[in-house]
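Hi,

Here is the structure I promised to pass on. Please open it alongside this note; my findings follow below.

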Amino acid sequence: MLEGLLTLDRAASVPLPDQIYRGVRDAVRAGRLSAGAVLPSSRRLAETLAVSRNTVTAAYELLAAEGVIEVRRGAAPRVCGHDRDPVAAAALSDATPAVGLSARGKDLSRLPWAAPDRARAKRLEPGTPAIDVFPRDEWARALRRAARRPDRREVLYAQTSGLDRLRAALAVYLASERGVRAEPSQILVTPSTQASLFLLATCLADPGETVWLEDPGYLGARAAFLGAGLTIVPMPVDDQGADPSAMAGAPAPRLVYVTPSHQYPTGVTMPLARRLAVLEQARHAGGLVVEDDYDSEFLFEGRPVAALQGLSGGGEAVYLGTFAKSLLPGLRVAYMVVPAQLAPDLAAAQRAAGLYANVATQGALAEFLETGRYRAHVKRIRTVYRGRGLAMAEALRRAVGNLGQVADPTGGVQLTLRFDASRDDVAIAEALQARGFGVAALSTYALATDAPASPVSGLVIGFADATETDVAEIARAVAAALAVAE
């Protein structure tokens, strides 16, 4: 009986014992083998299937361990009795699950930032660093050293908010480079900026409470705040960044999210007066400013503007940083500097959520910071990025003429090519994506699409990893897409 239910594929990658196990299990679930049915002995089935007895024995042992069959010494194997009819069980297993996404889950999954068809691993994607300038050999050596010297406290659960060594090195580096004032205990190391945002949104505001978000702004922040059930109120962005004066009469925020050093996606810098105004408004409302300083290290001329965290005295702002742009996103290490009074509770929440960064990677990063190799690397790529950004801007200006406007980038890893508001930038972006470019439509970053200052139209184009060929091809492709759209 069983022999007729089993067909083995000797060319398949699935081992023969697994094929026998699955065949019997599926036959029982489908009702083709009923409770109490007698199975052939391991010897007999092995002869029938032309396999070794050990192969059948391994399959029978797994079936017995899962309670599918019963094997007793001196007796033939039998199918076990079941509380449910096997046919009903099979029907249930094949049914469409009744549980679906919640309203928040649906909103989250529909965001352009999370869409499965969003261009990934394509040329010139915004936010993508240059792989060709990553210090592979130096990093490999540092990573090997970190992995070979495991410390019990580091590799278990004693330092889930970040290695003490890395947090100490970051405190020194941030004080020197960004004017951030913090003790190592105020630094929480996370797997990504997105993880930091989800943790903050969950712990510092309750569902329904208000967050002010730059418009246009970072889609990852929008996803984090929507996922936490917060009410997002757009904060308009102009040529000086987010404009807090436009928020008169808006609901008081629990959180205010800004990218003051290099606004994402427009690339403009917020002047000191506005930065101080943002801090004052948050202080007055009893809220907290979330300062995402994702690429301030890539300012091409002069020094970056002072961090809000340093201007605030540390009590009104959370500072977010990442190594995704300066090194690689795949390292999965970011960090946040939080007010001292919040640090213990946020660290506990981080442990509860399991938002830990890789220990070996943290060890290698600590070495890079301590030895000065990280500073040297940033200095090198800043020069590389500046050259690529300027070349991209110039090529686009020549290609599009008066059909678009693009300024020389002052820093960062992407630039914005603006169109007249009447142009369908989504269609243009899709045409370019079909040609292998990972550009994004500027309008997809906008929140208040019906506001007087909207809609915005344009393209956000990464340049950090752009080759000369990429620059020439994207310029031609944009010009062609604009011509078709005319």
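**The cavity**

Tyr173, Leu174, Arg178, Asp293, Tyr294, Asp295, Ser296, Glu297, Tyr319, Thr322 and Tyr335 line the largest cavity. A cavity here is a set of points, on a 1 Å grid over the protein atoms alone, where a 1.4 Å probe fits but cannot get out; lining residues have an atom within 4 Å of a point. Two elements give two or more residues each to this lining: helix 8 (164–178) and strand 9 (317–322). Helix 8 gives the most, with three residues. Helices (H or I, at least four residues) and strands (E, at least two) are DSSP runs, numbered from the N terminus.

The space in the largest cavity is about 60 Å³. Volume means the space filled by probe spheres set on the points, with grid points joined across faces, edges and corners. The count is one cavity of 30 Å³ or more. By class, the lining has five nonpolar, two polar and four charged residues. Ala, Val, Leu, Ile, Met, Phe, Trp, Tyr, Cys and Pro count as nonpolar; Asp, Glu, Lys and Arg count as charged; the others, Gly among them, count as polar.

**What you are looking at**

This is a predicted model, in which local features need pLDDT of at least 70, side-chain atom pairs count only at pLDDT 80 or more, and totals for chains, interfaces and linings use all residues. Residues are numbered from 1 along each chain as its sequence is written, and side-chain values use heavy atoms, with hydrogens and water left out.

The protein chain has a mean pLDDT of 88, and 91% of its residues reach 70 or more. The pLDDT falls below 50 over residues 84–88, a stretch with nine contacts in the model beyond near neighbours in sequence. pLDDT is the predictor's confidence in each residue, from 0 to 100. Contact means heavy atoms within 4.5 Å.

Eight strands form an open, mixed sheet in the order 3-10-9-8-7-4-5-6. Strand 3 (187–190) and strand 6 (241–242) are the edges; each has a single partner strand, so one side of each has no neighbour in the sheet. Two strands pair if DSSP finds at least two bridges between them. Strand 5 (residues 231–238) pairs with strand 6 in the antiparallel sense, over two bridges. Val237 has Ala242 in strand 6 as its bridge partner.

Helix 10 (residues 219–227) lies across strand 4 (210–215), strand 5 and strand 7 (255–258), at about 165° to strand 4. Angles run from 0 to 180 degrees between N-to-C directions, with axes fitted to C-alpha atoms, for helices over the stretch in contact. Helix 11 (residues 272–285) runs at about 145° to strand 8 (288–292).

Three strands form an open antiparallel sheet in the order 11-13-12. Strand 11 (414–418) and strand 12 (440–441) are its edge strands. Helix 15 (residues 373–400) packs on this sheet, touching strand 11 and strand 13, and makes about 15° with strand 11.

**Backbone details**

Most residues other than glycine have a negative phi, and most peptide bonds are trans. The Asp215 to Pro216 bond is cis, with omega near 0°. Pro216 sits in the loop between strand 4 and helix 10. Tyr264 and Pro265 are also joined by a cis peptide bond, with omega about 15°. Leu124 has a positive phi, near 65°.

Best wishes

Conventions. 1 Å grid on protein atoms, 1.4 Å probe; cavity = no way out; pocket = protein on both sides within 12 Å on 5 of 7 lines; lining within 4 Å.
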